[in-house]
Amino acid sequence: MNSGSMGAGAQGLLPRRQRLHTRSIVIEAFERDDGLFDLDAHLTDIKDRDADLASGVRRAGVPIHDMSLRLTINRNLDIVAIDTNFSAIPYPNACGTAGPAYRSLIGLNLLSNFKRQMMAVLGGIKGCTHMSELAAVLPTAAVQAFAGAVGESAGGKPFELDRCHALETSTATVKKYYPVWHVGDALRCANDEVS
């Protein structure tokens, strides 16, 4: 992101800035030949200056965090396997020991209270803050990856409907782009009868 991409301040001028840190999160979705899907998530934290960590100095440009999480899911978005990798961490022989705890997510569904259930088993000292942050973005990434492809049969309700504000089936957006699935008028009538 260049320094001017967010727009100018109230006075129309953008103050001079110096970048300090970059966090990058990349998520890729793959369809496997065994009928399952992989969500590969990768997080890096890189400082633009040397960082004096408790474990030693991390030079500018060298990742403080470089970690990956792979969730293998089925067509219902149930987690069937998990793999973690901690390539760069601030506390060697400590941060990465949380990796096996993420197997406790196996059996959870990405669209059924996933974040709450994840935090119940991995919150606080039970997990790694950064790995949990990475896992927390996977439900919406899965929706993006599989919209129009997973979870709907021929003629079935499109997967993306009723998953976000814009695509709630009573909205004008659904009425315009998915008219057969629009329930706004029927819902409005039913609500009027109840009140």
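**Pocket, helix and cysteines**

Visitor: How does the lining of the second largest pocket divide into nonpolar, polar and charged residues?

Guide: The lining has six nonpolar, two polar and two charged residues; Ala, Val, Leu, Ile, Met, Phe, Trp, Tyr, Cys and Pro count as nonpolar, Asp, Glu, Lys and Arg as charged, and the others, Gly among them, as polar. This is a predicted model, where local features need pLDDT of at least 70, side-chain atom pairs count only at pLDDT 80 or more, and totals for chains, interfaces and linings use all residues. Residues are numbered from 1 along each chain as its sequence is written, and side-chain values use heavy atoms, with hydrogens and water left out.

Visitor: Which residues of helix α3 are buried?

Guide: In α3, residues 138-146, they are Leu138, Pro139, Ala141, Ala142, Val143 and Phe146. Buried means under 20% relative accessible area, exposed over 50%, and partly exposed in between, with a 1.4 Å probe and protein chains only. Helices (H or I, at least four residues) and strands (E, at least two) are DSSP runs, numbered from the N terminus.

Visitor: On to cysteines: how many disulfides are found?

Guide: The search of the whole structure finds zero, a disulfide being a pair of cysteine sulfur atoms within 2.5 Å.

Visitor: Is Cys128 buried or exposed?

Guide: Cys128 is buried, at 10% relative accessible area. Cys164, by contrast, is partly exposed, at 40% relative accessibility.
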